[in-house]
Amino acid sequence: PAEYLKWGLDELIRIHNVDGDPDKIVELLVETAKLPFETETRRTMRHRAARVAVERIGEIDRAIKLYEQLYDEDTTDAAAEGALVDLLGQQGRKEDLLALRRRQVRLAGSPDGRIELRLLAARLELSLGRVDDATTTLHENLKEEPRHGETVAELVGILDGTSRSEELATLLADQAGLAEAESDESSARLLWAQAARVAEERLGD
């Protein structure tokens, strides 16, 4: 019976294609996916429906809802995850994209993955004007990898750009100490010099 149903589905999709009615195709795929097919078959139908919604109708919000359902059911679905990131970004839905990034951080299986995702989350937080949230997120990275260069550079840029000179001097001094502990003398000298310059020129120390 399942094979007959699939054949019938393909035939109806062909007819709707001929009629130029992609909306009917989306509805058909979504409704057929509720039938007792194998899980992967039903998921494939909803993926197909979401693609048609985007590519042929331009109903991005409709596609996002489908991808959100797919991702909620299986967070290892890289296709749904990637589509959500792209579509939320295209729609400028920063709050929703930030929530997704935070979820990805929680689910990430490696420190490198979490660090990269936190960088992306921090940039979103900064674009939303949430400077404190962005710095907190970046400091979470430094708890996992204390000398992560890109994270340090992002933090320096934020603290410098928002005149948080005391925090900037502390960050630079901490990084200098870590460099010394790892016998990275050239980096340590540069960081100590930067920390001293901030303390002298901005803090009067």
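Reader: Which residues touch the most other members of the largest nonpolar core?

Author: This is a predicted model, in which local features need pLDDT of at least 70 and side-chain atom pairs count only at pLDDT 80 or more, while totals for chains, interfaces and linings use all residues. Residues are numbered from 1 along each chain as its sequence is written, and side-chain values use heavy atoms, with hydrogens and water left out. A nonpolar core is a set of buried Ala, Val, Leu, Ile, Met, Phe, Trp, Tyr and Cys residues joined through side-chain atoms within 4.5 Å, where buried means under 20% relative accessible area, exposed over 50% and partly exposed in between, with a 1.4 Å probe and protein chains only. The largest such core has 31 residues, and those that touch the most other members are Leu-29, Tyr-67 and Leu-100.

Reader: Which helix supplies the largest share of this core?

Author: Helices here are DSSP runs (H or I, at least four residues), numbered from the N terminus. At least two core residues come from each of α1 (2–19), α2 (22–32), α3, α4, α5, α6 and α7. The largest share, seven residues, is that of α4.

Reader: At what angle do α4 and α5 pack?

Author: The two helices are α4 (residues 60–73) and α5 (residues 78–90), and their axes lie 9 Å apart. Axes are lines fitted to C-alpha atoms, for helices over the stretch in contact, and angles run from 0 to 180 degrees between N-to-C directions. On that basis, α4 and α5 pack at about 145°.

Reader: How many residues in the contact of α4 with α5 are nonpolar, polar and charged?

Author: Contact means heavy atoms within 4.5 Å, and those involved include Ile-60, Tyr-67 and Glu-68 of α4 together with Glu-81, Leu-84 and Leu-88 of α5. Ala, Val, Leu, Ile, Met, Phe, Trp, Tyr, Cys and Pro count as nonpolar, Asp, Glu, Lys and Arg as charged, and the others, Gly among them, as polar. The residues of this contact divide into 11 nonpolar, no polar and two charged.

Reader: Is Ile-25 buried or exposed?

Author: Ile-25 has its place in helix α2. Leaving aside neighbours within four places in sequence, Ile-25 is in contact with Ile-13, His-16, Asn-17, Val-52 and Arg-56. Because its relative accessible area is 3%, Ile-25 is buried.

Reader: How many salt bridges does the structure hold, if I want to look at the charged side chains next?

Author: Side chains of opposite charge can pair when their charged atoms come close. A salt bridge is a side-chain nitrogen of Lys or Arg within 4 Å of a carboxyl oxygen of Asp or Glu. The number of salt bridges in the structure is 22.

Reader: How many residues apart in sequence are the parts that Glu-73 and Arg-43 tie together?

Author: The salt bridge between Glu-73 and Arg-43 has its closest N and O atoms 3.3 Å apart. Glu-73 lies in helix α4 and Arg-43 in helix α3 (residues 39–57), so the parts tied together are separated in sequence by 30 residues.

Reader: Which residues are linked with Arg-43 in a network of salt bridges?

Author: Arg-43 counts as buried, at 5% relative accessibility, and Arg-46, in helix α3, is also buried, with a relative accessible area of 10%. Arg-46 touches Ala-33, Leu-66, Gln-69, Leu-70 and Glu-73, not counting residues up to four places away in sequence. The residues linked with Arg-43 in the network are Arg-46, Glu-73 and Asp-77.

Reader: Which helices hold Arg-123 and Glu-154?

Author: Arg-123 forms a salt bridge with Glu-154, and the closest N and O atoms are 2.7 Å apart. Both count as partly exposed, Arg-123 at 31% relative accessibility and Glu-154 at 23%. The pair ties together parts that are 31 residues apart in sequence, because Arg-123 lies in helix α7 (residues 111–127) and Glu-154 in helix α9 (residues 149–161).
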